[in-house]
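Hi everyone, thanks for coming. Have a look at the sequence and the structure on the screen while I get going.

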Amino acid sequence: MEQIIFKPKLYKFNTCKEFIDEFNLTNKDLILTNKYIFDPYFDQENCPAAIIYQENYGNGEPTDIMVDAIIQDASKNNYDRLIAIGGGTVIDIAKILAVTKGNNVDYLYEHKNELTKYHQLLIIPTTCGTGSEVTNISIINRTRLGVKMGLTSSNMFADYAILIPELLKTLPFKVFATSSIDALVHAVESSLSPKATAYTKLFGYKAIEMIITSYQKLVDQGKEILPDLMSDFLTASNFAGLAFGTAGCAAVHALSYPLGGTYHVPHGESNYAIFTGVLKNYKKIKTDGELAVMEKYLANLLNCNTDMVYDKLEALLNQILPKKALHEYGVTKQDLNDFTDNVINTQERLMANNFVPLNRQQIYQIYQELY
C-alpha cells in the first residue's frame, strides 16, 4: 500500500525577493496570476516573463469556458516554465495548462489517461486552504455538462511547490476564513479515509492542531494578529494537502460540490455548510474506529467532552465564518433530491473515501438536516 505521495520539491521563502533570487525568472517563463496579487510584490516592468491575469477571463472558480480561453492565449507564448501565483482557481488552471498544447478542457477529460506534461510547473499558493500545490488534481466546473469534476494525472503534479507567507499578509479575512476551513476539512476527511496511513495521519492531525489552535488565538487576541499567524496557516494547509493528496477527500467535498456549482458558493464555505453534518451522520452509523480517535483528539484541543465536540467545533468556526443553513443560499427542497442524485452519479471517486459508506437515503438525510 502506498504510504504517502510527495512529488514536488518543496521550498519556503519569507519574501518574494528571496524566491526571485533563487529561481531567476526569464523570458522562457509564463506566469499565471492575478494582478492584485502580482503588482504589490513583483516588479512587472522588469519582469522578463510573460504574464496572464486570470481575472481577465472571468471571476470565481474555474469553468471550462474560462480555462479554454486561457489555454488559447497561453498557447501563443513560447515558454518552458509555468509559474502559478494565486489561489485555488489559478492553481487549478495552471495544472491544466501544464498538460495541454492547445487542446480544450473537454478533450483533456476525454483523454485523461494519456496526459503529458509539456511545461515545468511551479506553484506558489496565495491562500491557506487548497494545499493544491502538492496535489495532482484540478477541479473544473464543466458548465457544458452542468457538473464540477476533478481531473487527475501524475503529470499534473508541480515540479516545485513554493510557500511564501509574505503573499498572504493582506489576504481579505473572508478569503482567509473560507480557505483555512477548507484546509481543516482536508485534514479531517483524509485522516478518516480508509486510505489513510500513519504518514498521512501524521500530517493530517498536525494540520488540525495548527489550524484549531491558531483559530483559538484569533478569537482570544483579535483579528489584528492574523498576519503573524499566516505562516502557520500556510504550513498547515500544505500539511493537509500532503494528507489528502494520498488519502483523499470524501463526503464533505462530494456533497458540497452541487451547492458550490449551483449557487456559486465559495468552495471552503460550501464545505463548511456540509462539514459537521457529515461527521454527525458518520457517528450515527459507527461510533468506534478512527472517528472515535478523531473526536478524542478534537475534544482535547477544544477542551470539552467528546459528546460535545461537534457543537464546540462549530462554535469556534462560527467566530471565523458564520455557518448558514442551505436554504439561506437559495437552495430549494427540490434541490435536495437533485443534489443527492448528483452526488450518487458523479462523485463516486470521493465517496469511496468515506469513513463509512453512505447510501442515497443517508445522503438525502444529511442535506435535509442542513436545509
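Before that, some housekeeping. What you see is a predicted model, where local features need pLDDT of at least 70, side-chain atom pairs count only at pLDDT 80 or more, and totals for chains, interfaces and linings use all residues. Residues are numbered from 1 along each chain as its sequence is written, and side-chain values use heavy atoms, with hydrogens and water left out.

Okay, helix α8. Helices here are DSSP runs of H or I with at least four residues, strands are runs of E with at least two, and both are numbered from the N terminus. α8 covers residues 226-247, which is 22 residues. From first C-alpha to last, α8 reaches 30 Å, close to the expected 32 Å; that expectation is 1.5 Å times one less than the number of residues. There is a bend of about 25° at Asp 232, taken as the angle between axes fitted to the seven residues ending there and the seven starting there. How much of α8 is buried? The count is 16 of the 22 residues, so α8 is largely enclosed by the rest of the structure. By buried I mean under 20% relative accessible area, while exposed is over 50% and partly exposed is in between, with a 1.4 Å probe and protein chains only. Just after α8 comes Gly 248, with a positive phi of about 85°.

Now the rings. Rings of Phe, Tyr and Trp (its six-membered ring) pair if their centres lie within 6.5 Å; planes under 30 degrees apart are stacked, over 60 edge-to-face, and the rest tilted. That rule gives 16 aromatic pairs. One of them is Phe 19 with Phe 23, a tilted pair at 5.3 Å centre to centre, with 35° between the planes. Both of these residues are buried. They sit four residues apart in helix α1 (residues 16-23), so about one helical turn separates them. Phe 19 and Phe 23 also belong to one aromatic cluster with Tyr 11, Phe 13 and Tyr 160.

There's a charge to point out too: Lys 223 lies over the face of Phe 173, at 4.2 Å from the ring centre. The rule there is NZ of Lys or CZ of Arg within 6 Å of the ring centre and within 35 degrees of the ring normal.

On a 1 Å grid over the protein atoms alone, a cavity is a set of points where a 1.4 Å probe fits but cannot get out; a pocket is an open set with protein on both sides within 12 Å along at least five of seven lines, and lining residues have an atom within 4 Å of a point. The second largest pocket is lined by 14 residues, with Lys 112, Met 149, Gly 150, Leu 151 and Arg 349 nearest its centre. Strand β7 (147-152) supplies the largest share of that lining, five residues.

What lines the largest cavity? The residues include Glu 189, Leu 192, Tyr 282 and Phe 355. Helices α6 (173-192) and α10 (267-285) each give two or more residues, and α10 gives the most, with three.

Last, two loop residues. His 264, between α9 (251-263) and α10, has a positive phi of about 55° although it is not a glycine. Asn 303, between α11 (290-302) and α12 (309-318), also has a positive phi, near 55°. His 264 is exposed at 66% relative accessible area, and Asn 303 is exposed at 71%.
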